[in-house]
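Visitor: Hey, can you walk me through this one? I'm new to reading structures.

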Amino acid sequence: PMGEAPVAELDALLGGGGWDVGDTFEGPPQPIEPTRLGRNVCYVVLAVLFNEEDAVLLVQEAKPECRGRWYLPAGRMEPGEGIVAAVRREVKEETGLECEALTLLALEERGPAWIRFVFLARPTGGTLKTLEEADAESLQAVWWSGDPRALPLRALDILPLLELASHYRRSPPHPPTLPQQLPCASLCLRLLLTFANDTGDLWVLLGTAGTPHLPVVACGTSPAELRGGLRLPALRLLRDCLSPAPHPGPLGLLGLQHRAEGPGGADGICFNVLLSIPPSEPGAMPPELGSPAFRWWHVEEERLRGQILQRLRGVSTVPIRS
């Protein structure tokens, strides 16, 4: 029945919004200490900006280890800083320009220890930094209309990001997605875990403790967890509640929630992710659950079912790159 399903929560997430995380998580590990920037996590922001002539904004690095080389505006978030505020600050410090973040383009991660948020942004003012204004942040910034590979680049990892940004401008694969201002004490994933068969039937996994809800799993801080990436908590949950554990498709990001200096001064983030389990045969039913902490909900309401299937079929989520 609809009354036994988290319809409002699903609507919020599918629309790029957020939902209260709470302080309980499905399965181990339960967080021991709050997530803190500079202590147990590192968040990095990077921005891709184009001008009206389709030239891209590049920065000439001032850091000793890569001085004189070129890169996109990027840098580490600071304690007490929001994600979008960090984008604006880094762009201003390195290029002299003000900007507005338009959407998250990609999430790049190496586990909880290093996460980079890649944004498409647009310039809104300011003056381009020149060599005469060189400082510790950068030597200068330019609008570059040629092939970036003609320049000595700090790293080639910006090339696929430029392609991603160009593709988004031509044909956006997902709706504009920006962080939601909601507090979170820990680094965690809220899972919209789906099973759809070839006849169009759709099920969503729900947690049963208290009010039915989408499962939320915490990211651990052990060496194995740090190396395993953000996919590991989702795989751990599947292993614990399904036997044998299936091989799900890739994680896709529907949105994320963060508020600077949240509970206890924490810098936690909740990643709202979409994950699907492929059917083993035509007309298959969802795999049997081995834990009473979860149940499958058959989505029959046409509007909601259509929204979820559209997200699944169109791969219309922010890519997560591990």
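Visitor: Where does Leu-237 sit?
Guide: Leu-237 is part of helix H5, residues 231–241. Helices here are DSSP runs of H or I with at least four residues, strands are E runs of at least two, and both are numbered from the N terminus. By the way, this is a predicted model, where local features need pLDDT of at least 70, side-chain atom pairs count only at pLDDT 80 or more, and totals for chains, interfaces and linings use all residues. Residues are numbered from 1 along each chain as its sequence is written, and side-chain values use heavy atoms, with hydrogens and water left out.

Visitor: Is Leu-237 buried or exposed?
Guide: Leu-237 counts as buried because its relative accessibility is 5%. Buried means under 20% relative accessible area, exposed means over 50%, and partly exposed is in between (1.4 Å probe, protein chains only).

Visitor: New topic: what about H2's length?
Guide: H2 covers residues 83–95, so 13 residues, and reaches 18 Å from first C-alpha to last, close to the expected 18 Å. That expected span is 1.5 Å times one less than the number of residues.

Visitor: Which H2 residues are buried?
Guide: Among them are Ile-83, Val-87, Arg-89 and Glu-90. Just after H2, Gly-96 has a positive phi of about 85°.

Visitor: Which residues have the most contacts inside the largest nonpolar core?
Guide: Tyr-43, Phe-117, Leu-189, Leu-253 and Phe-271, in a core of 51 residues. Such a core is a set of buried Ala, Val, Leu, Ile, Met, Phe, Trp, Tyr and Cys residues joined through side-chain atoms within 4.5 Å. Strand S5 (97–109) gives the most to this core, with five residues.
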